[in-house]
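Hi,

Here is the structure I promised to pass on. Have a look at it first, and then read on for my notes.

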Amino acid sequence: MTPSAVILNLIDQVPQMQNHPPNPSLDEVAVEHRDNISIVSLRRRNKRNAISDSVMAALGQRFDELPAKTKAVVIDGEGDHFCAGLDLGELKDRDAVDGLHHSRSWHKVLSGIEFGRVPIVAALHGAVVGGGLELAAACHIRVADDTTFFALPEGSRGIFVGGGGSVRIPKLIGADRMLDMMLTGRVYKAAEGVGIGLAQYHVPAGNALSVAIDLARRIAENAPMTNYALIHGLPRIAEQPADHGFFTEAMLAAISQSAPEAKARVRAFLDGTGPKVKVG
Ligand code: 1HE
């Protein structure tokens with residue numbers, strides 16, 4: 001069993017929250033397959049792509065059902081905003097036990113995204129706030145266009161992050177910056193957000209999706225085992241003591257390089273047909 005399967009199994013062991021699990025709202029989470037990449041889109045623009053239970057269930061289903069030919073995924077949001085976070089309209093009816101299981105249901109879907117089969121590129125614009133930032137943080141590459149702003153308004157709503165944000169966001173920007181965002185309501189605009197590590201790319205307004213698609217296409221050309229080793233290995237190695245990390249690295253290096261595809265790619269470089277590293 002893979003480490004991610006272990007995580008997901010543990011999450012599964014939490015007693016089921018809802019007597020009536022939400023019906024996935026598949027018309028609010030679209031998917032389009034283009035050759036070897038897939039594009040998953042939040043389609044709830046009238047609610048600024050806020051994530052209801054049904055939207056989260058649909059997101060989980062879309063990622064579970066990716067075809068084998070998909071080698072990388074782009075996730076984006078329709079309209080002016082990537083995602084306004086948790087659907088606050090559903091919060092008012094939840095008691096403490098439901099709240100616990102609701103948070104665990106986000107963990108399950110977002111861990112499935114982070115530790116899935118293929119890398120995920122988030123195309124960000126407008127609001128990337130609350131649970132929207134938690135969703136973005138579960139992705140491997142974040143491309144922010146110039147309209148993007150990042151915030152964690154949970155503090156002002158009297159709630160807490162619940163979609164894995166307290167684990168993932170400090171790894172991107174440090175616990176002190178996340179603390180500042182939640183205590184003071186600080187909003188980071190695109191350039192500053194990219195500067196502190198909330199995204200890896202800053203692009204002109206309106207370009208996030210096209211750049212994300214280009215990056216996904218490039219990622220999809222890598223050997224699948226290398227991509228898998230990166231998304232599963234790097235976050236875990238970062239949490240291991242150095243000696244364990246070296247060992248994990250050695251295992252991943254050995255497995256990756258033994259794949260026939262890796263040997264063919266190295267041979268191609270050596271016989272002059274493989275690509276060179278290019279600047280720009
Ligand atoms: C919503 C939500 C939402 C919009 N839940 N309905 N997230 C927040 O605290 C962010 C709340 N949203 C906003 O601050 C603003 O909506 C935006 C800055 C994102 C966009 O502003 P704007 O002027 O374009 O839109 P709007 O007029 O505020 O919203 C349009 C509609 O979307 C309106 O509904 P309508 O029926 O009156 O048209 C809004 O009520 C609705 N809407 N955002 C529900 N979030 C796992 S725990 C995670 C915890 C969190 O994510 S807390 C952070 C929640």
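Let me start with a pair of side chains: those of Ser38 and Thr70 make a polar contact of 2.7 Å. Keep in mind that this is a predicted model. Ser38 sits in strand 2, which covers residues 37-42. Is Ser38 buried or exposed? Its relative accessible area is 0%, so Ser38 counts as buried, the cut-off for that being under 20%.

Asp76 belongs to strand 3, residues 72-77. Asp76 is buried, but has no salt bridge. Which side chain of opposite charge is nearest to Asp76? That would be Arg43, and the distance is 7.2 Å, whereas a salt bridge needs a nitrogen-oxygen pair within 4 Å. What Asp76 does have is a polar contact with Ser41, side chain to side chain, at 2.7 Å.

Now the ligand, which I guess is what you'll open first. There are 22 residues around the ligand, and Lys47, Ala84, Leu86, Gly131 and Arg157 come nearest. Sorted by class, that shell holds nine nonpolar, seven polar and six charged residues. As for where they come from, at least two shell residues each are supplied by strand 5 (127-129), helix 4 (131-138) and helix 5 (154-157).

A few distances to the ligand that you can check on screen:

- Arg48: a polar side-chain atom is 2.9 Å from a ligand oxygen.
- Leu88: a polar backbone atom is 2.9 Å from a ligand nitrogen.
- Gly131: a backbone N or O atom is 2.7 Å from a ligand oxygen.

How much of the ligand does the protein cover? On its own the ligand has 1,000 Å² of accessible area, and the protein covers 65% of that.

One last stop, at Arg217. This residue lies in helix 9, residues 208-220. Arg217 counts as partly exposed because its relative accessibility is 30%, and that class runs between the 20% and 50% cut-offs.

Cheers

How values were computed: Residues are numbered from 1 along each chain as its sequence is written. This is a predicted model: local features need pLDDT of at least 70, side-chain atom pairs count only at pLDDT 80 or more; totals for chains, interfaces and linings use all residues. Side-chain values use heavy atoms; hydrogens and water are left out. A residue is near a molecule or strand if one of its heavy atoms lies within 4 Å of it. A polar contact is a pair of N or O atoms within 3.5 Å; within protein, one must be able to donate a hydrogen and the other to accept it, and residues adjacent in sequence count only if both atoms are side-chain atoms. Accessible areas come from the Shrake-Rupley method with a 1.4 Å probe; for residues, only the protein chains shown count as cover. Helices (H or I, at least four residues) and strands (E, at least two) are DSSP runs, numbered from the N terminus. Ala, Val, Leu, Ile, Met, Phe, Trp, Tyr, Cys and Pro count as nonpolar, Asp, Glu, Lys and Arg as charged, and the others, Gly among them, as polar. Buried means under 20% relative accessible area, exposed over 50%, partly exposed in between (1.4 Å probe, protein chains only). Lys and Arg count as positive and Asp and Glu as negative; His and the chain ends are not counted.
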